[in-house]
Amino acid sequence: MAVETVRKPYVRQRSAWWWTKNPRYVLFQFRELSSVFVVLYAFLVLWQLWALRGGSDAYYAFLVMWYSRPMMALNAVILAFAILHSVTWFALTAKVPLFRIKGRPPPAALVIGANLAIWVALSLLIVKLLYGGF
Amino acid sequence: MAAAEVDRVTPMFWGLFSAGGFVVAFLLPVFIFMNSLAYGLHVVPWEKVEYGGALRWIRGDPATALLGNTLGWLGGWLPKLFLVLIIGGGLFHGLHRFKYVLYDVGLHRAKKVLDPILYGIAAAGTVAAVVLAFSFP
């Protein structure tokens, strides 16, 4: 008769705050968290469009809320996370070389620098083209 | 496993995640600044953000004026396409990433329920963005 064995797997204990132990993990969690703020902003803009559809009274009510202090603070936080996402995304694209220079992938600093330059140029172009400048 | 069982769905959502990542990285910060903070920081005047100004923006008046006679017709399309790109890209990128955050905290067992809900929200939001943005003249 076979001896019955009892399975006793080892489950490693992990604190919910494991990511605070290393600055790299903190950056990782913040980057992942940026997705929540990007999604939140998408819904805020849908709300804004809905208010704009509702006519001038509805839109003025929306603007009073939109430019209130708590909302300005929230939007500033959303912008900070959006910028964190941009910068980490540019750093990430450097890990996926699309072309080679003399058989070697381009240096990360070059890819990140080029991305930053395109980002700034594109942002200025959008301000000029869509908003007619400041 | 049969060769026919190739997963074609997962790569598609990773593709949308990636495309959305680029759109969000390059276009979102400037939009948040102009749409949410510029007026409060006294960078743009009230006329640009009030009801009439917002309607002129979505109608593409600045772009139409700048592009001139030959490309002016593009002006009306640009703000609407811009909004759809930001909302659709943001939702498909953000909810895909958020899905893995939820997996990481132990919800990977709920994959069958979670995936349709999250991608469903992204698709519905994108459709809403198209309908709302293009409902303006």
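Start by colouring chain A in two parts: domain 1 covers 21-82 and domain 2 covers 94-134, with bounds that come from an automatic or database domain assignment. The centres of these two domains of chain A, taken over C-alpha atoms, are 25 Å apart.

Before going on, two notes on what you are looking at. Residues are numbered from 1 along each chain as its sequence is written, while chains are lettered from A and ligands numbered from 1 in the order in which they are written. This is a predicted model, in which local features need pLDDT of at least 70, side-chain atom pairs count only at pLDDT 80 or more, and totals for chains, interfaces and linings use all residues.

**Stop 1: where the chains meet**

Show both chains. Here 39 residues of chain A are in contact with 42 residues of chain B; contact means that the C-beta atoms of two residues, placed from the backbone, lie within 7 Å. Now pick out α1 (23-53), α2 (56-66), α3 (69-93) and α4 (108-131) of chain A, each of which supplies at least two residues of the side that touches chain B. Helices here are DSSP runs (H or I, at least four residues), numbered from the N terminus. The largest share of that side, 13 residues, comes from α1(A). Colour the side of chain A that touches chain B by residue type and you get 30 nonpolar, seven polar and two charged. For that count, Ala, Val, Leu, Ile, Met, Phe, Trp, Tyr, Cys and Pro are nonpolar, Asp, Glu, Lys and Arg are charged, and the others, Gly among them, are polar.

**Stop 2: the core**

Next, select A:V38, A:A82, B:L27, B:L28 and B:I86, the residues with the most contacts inside the largest nonpolar core, which has 47 residues. Such a core is a set of buried Ala, Val, Leu, Ile, Met, Phe, Trp, Tyr and Cys residues joined through C-beta atoms within 7 Å. Buried means 20 or more other C-beta atoms within 10 Å of a residue's own, exposed means 12 or fewer, and partly exposed lies in between, with C-beta atoms placed from the backbone. The largest share of this core, 10 residues, comes from α1(B).

Zoom in on B:L28: not counting residues up to four places away in sequence, B:L28 touches A:V38, A:A82, B:I86 and B:G90. Then move to B:L91, in helix α5 of chain B. Is B:L91 buried or exposed? B:L91 is buried, because 28 other C-beta atoms lie within 10 Å. Leaving aside neighbours within four places in sequence, B:L91 is in contact with A:V39, A:A42, B:A122, B:G125 and B:T126. Try the distance tool too: the C-alpha atoms of B:L91 and B:G21 are separated by 10 Å, though these residues are 70 apart along the chain.

**Stop 3: a bent helix**

Select residues 61-75 of chain B, helix α4, which spans only 7 Å between its end C-alpha atoms, whereas a straight helix of 15 residues would span 21 Å at 1.5 Å a residue. The expected span is 1.5 Å times one less than the number of residues. Where is the kink in α4(B) centred? Look at B:G68, where the kink is about 150 degrees; the bend is the angle between axes fitted to the seven residues ending there and the seven starting there. B:P62, B:A63 and B:G75 of α4(B) are buried, and the buried residues of this helix pack against α4 of chain A together with α5 of chain B.

**Stop 4: two loops**

Finish with A:K102, in the loop between α3 and α4 of chain A. A:K102 has a positive phi of about 50 degrees although it is not a glycine. Most residues other than glycine have a negative phi. A:K102 counts as exposed because it has 4 C-beta neighbours inside 10 Å. Over in chain B, B:H42 sits in the loop between α1 and α2 (46-49), and its phi is also positive, near 60 degrees.
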